[in-house]
Amino acid sequence: MKAIAITRTAPEGSNIEFLQDIDLPVPVAAGHDLLVEVKAISVNPVDTKVRAGFNAETPRVLGWDATGVVKSVGEAVTLFAPGDEVWYAGALGRPGSNSEFQLVDERIVALKPKTLDNAAAAALPLTSITAWEMLFDRLGVEEGGNEGDTLLIVGAAGGVGSILTQLARKLTRLTVIGTASRPESQKWVREAGAHYVIDHSKPLTEELARIGINAVTHVASLTHTDKHYPQLIEALAPQGKLALIDDPATLDARPLKTKSISLHWEFMFTRSMFETDDMLAQHQLLTRVAQLIDAKVIHTTLGEHYGAINAANIQKAHAQLETGRSVGKIVLEGF
């Protein structure tokens, strides 16, 4: 089967050029695994991070977002059958979705939305899981609740921010504030449903004051947490909640003490990596997101379509993501 893999590291500088087209044998489904014929994928920051840190002799297939069709199932599978159209994000420790066929555990897979084509659906699984877990599991927001509370989303125009803004606006009573620094990204965040949009290139507390907000109760910090950290602490109300997904080199939790601010990490691969008892929750939440899309409550976050799934186009996608200026998600479709 065709696949795109990172094949070597670079002694210095970027190793994007070592994302190459290769051929691999088609894997065989067993246990809880589905063998999925991949139809479309999207590219996430985790792809660029794993690629940049690659240091092995065996090529590694990246990619953690896909839509496809189930071709065969393992003997323990109960949720799916051959022919089902599915979507999923996959597991970090297994070969990724940048290949014609992929094995994925049924417990982190769901039927894809009926109203979206493969490309539009491929934009959503990883970011939907991340946003859902961050909002409801980590920050403890309740569906239909939290009236009077305010959520600040730092980096709201990116993949996670785009769907988090929608979920918070449509499923809760939170006041939603998104940050974006360029006119096109600010427009994107408004269209996703944010009540307010502020500029994260300026001091956040000053920007919040400009819109009449003295303090926020919840923060979802999706990018540059280390840069904004002092401002986030200042902006949070006493007993507020701070959640993040990025990777600051260091993070001193002591400044959170006087306000009793709680700190939460969201890593959507935790359940699959440790095969937690509640691993099935990702199947369930992806099913719920598909229903919300089909009911036109939320919509795809597809930003750009980069064409066919091949090494040249994936290289371009990685390069664009690393500029930090992508709006929505980059998708690729077909081999």
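**A look at the pockets**

Tutor: Let's start with the lining of the second largest pocket, which has ten nonpolar, three polar and two charged residues. Here Ala, Val, Leu, Ile, Met, Phe, Trp, Tyr, Cys and Pro count as nonpolar, Asp, Glu, Lys and Arg as charged, and the others, Gly among them, as polar. The model is predicted, so local features need pLDDT of at least 70 and side-chain atom pairs 80 or more, while totals for chains, interfaces and linings use all residues. Residues are numbered from 1 along each chain as its sequence is written, and side-chain values use heavy atoms, without hydrogens and water.

This second largest pocket holds about 210 Å³ of space (the space filled by probe spheres set on the grid points, which are joined across faces, edges and corners). A pocket is an open set of points on a 1 Å grid over the protein atoms alone, where a 1.4 Å probe fits, with protein on both sides within 12 Å along at least five of seven lines; lining residues have an atom within 4 Å of a point. Fifteen residues line the second largest pocket, and the closest to its centre are Met 1, Leu 24, Pro 27, Val 61 and Pro 95. Strand E4 (60-61) and strand E7 (101-105) each supply at least two lining residues; E7 gives the most, with three. Strands (E, at least two residues) and helices (H or I, at least four) are DSSP runs, numbered from the N terminus.

Now for the largest pocket, whose volume is about 1,300 Å³. Of its 46 lining residues, Pro 45, Leu 222, Thr 223, Ile 245 and Asp 246 are the closest to the centre. Helices H1 (45-52), H3 (125-138), H4 (159-171) and H7 (225-235) are the elements that give two or more residues to this lining, and H1 gives the most, with four. By class, the lining of the largest pocket has 17 nonpolar, 19 polar and ten charged residues.

The largest pocket also brings in the domains. At least three of its lining residues come from each of domain 1 (2-126 + 270-333) and domain 2 (127-268), with bounds taken from an automatic or database domain assignment. The C-alpha centres of domain 1 and domain 2 lie 26 Å apart. Between these domains, 28 residues of domain 1 are in contact with 23 residues of domain 2 (heavy atoms within 4.5 Å).
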